[in-house]
Amino acid sequence: MLPAAALLLVFLTYPLGLGVWLGFTDARIGRPGVFIGTENYQYLWSDAVFWLSVFNTLLYTISASILKFVLGLWLALILNQNLPFKSFFRAIVLLPWVVPTVLSAIAFWWIYDSQFSILSWALMEMGLIDHRINFLGDPENARASVIAANVWRGIPFVAITLLAGLQTIPQSLYEAATLDGASRWQLFRYVTLPLLTPIIAITMTFSVLFTFTDFQLIYVLTRGGPVNATHLMATLSFQRGISGGQLGEGAAIAVAMIPFLLAAILFSYFGLQRRKWQQGGGD
């Protein structure tokens, strides 16, 4: 255990502790700073941009996570059937996940380009719109655009993980339920969903964590714009701490993310308690 403990101490515990400490200082780039207590947090409490980033982060995380779960589960159910070229389709589904995030973001940056967007061109050719859409220049469009990009990238992780869970469910349960007259919806509601709940809890916890702490996609696409409409807590922390040189303030924003991350972890823990039901214990 010592090598693993040493790695966690150096690369996880120390940076986390340093970040918490910096949040209580007025440190700047090139200057250590002094202890100022909770001044950074008091400033953030009255900072409209910070609260906007909290709203954006929650909206981004909740919307993207729900869409990834619904579409990922739907895709997993399809891939779990006996389809021709099943292995090929399963491999193709993973492509958005294995492509580096920056490359995906650059591709979406071209898709959303205000002048050369292939998406706007296709919609105009089909007669659905009469002018090009300003995807990243309008606040509401920008929020929807970055959520769509995150969903495209995150669906494979959810789909493949839930597919692995679906394949652990014995077919005999479906056969028995079918003999009892269960419909397709009842098979899903009373057989698939209860047995898949622990996998869903783990998968969605990781999905929420990845989405909540997303940085690369937003930074490449919008850098938090327009007018801070897509600033997440992670991107605002980077902007204030690194680009702006206010290390203490940036660290305070990063530390403010911890309660939300702990809430996601607790969700996973309580979700895993469903295993008691599978083992014949209380629900």
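I am working on a predicted model, where local features need pLDDT of at least 70, side-chain atom pairs count only at pLDDT 80 or more, and totals for chains, interfaces and linings use all residues. Numbering runs from 1 along each chain as its sequence is written, and side-chain values use heavy atoms, with hydrogens and water left out.

**Around Thr203**
Thr203 belongs to helix H10; helices (H or I, at least four residues) and strands (E, at least two) are DSSP runs, numbered from the N terminus. I get a relative accessible area of 1% for Thr203, so this residue is buried (under 20%; exposed is over 50%, partly exposed in between; 1.4 Å probe, protein chains only). Leaving out residues up to four places away in sequence, I see Thr203 touching Phe157, Val158, Thr161 and Leu162, with contact meaning heavy atoms within 4.5 Å.

**Whole chain**
I checked the overall make-up next: 15 helices and zero strands. The C-alpha atoms fill a box of roughly 70 × 60 × 35 Å along the principal axes. Of the 283 residues, 39% count as buried. Among contacts between residues at least 6 apart in sequence, 68% join residues at least 24 apart.

**Rings**
My pairing rule takes rings of Phe, Tyr and Trp (its six-membered ring) with centres within 6.5 Å; planes under 30 degrees apart are stacked, over 60 edge-to-face, and the rest tilted. That gives 19 aromatic pairs. Why do I call Phe206 and Phe210 tilted? Their centres are 6.0 Å apart and their planes lie at 40°, so tilted is the class. Both sit in helix H10 (residues 184-212), and because they are four residues apart, about one helical turn separates them. Phe206 is partly exposed at 40% relative accessible area, and Phe210 is partly exposed at 42%.

I then turned to Phe215 and Tyr219, whose centres are 5.2 Å apart with planes at 15°, so I log the pair as stacked. Phe215 comes out partly exposed at 25%, and Tyr219 partly exposed at 28%. Tyr219 has Arg223 over its face too, at 4.5 Å from the ring centre. For a charge over a ring I want NZ of Lys or CZ of Arg within 6 Å of the ring centre and within 35 degrees of the ring normal. Arg153 does this with Trp97, its charged end 5.8 Å from the ring centre. I also noted a cluster in which ring pairs link Trp21, Phe24, Phe35 and Tyr41.

**Helix H7**
At the start of H7 (residues 118-125), I found a side-chain oxygen of Ser117 within 3.2 Å of the backbone nitrogen of Leu119. Just after H7, Gly127 has a positive phi of about 80°.

**H3 against H12**
From H3, I see Val49, Phe50, Ser53, Val54 and Thr57 meeting Met233, Leu236 and Arg240 of H12.

Terms used:
Polar contact = N/O pair within 3.5 Å; in protein donor to acceptor, adjacent residues only side chain to side chain.
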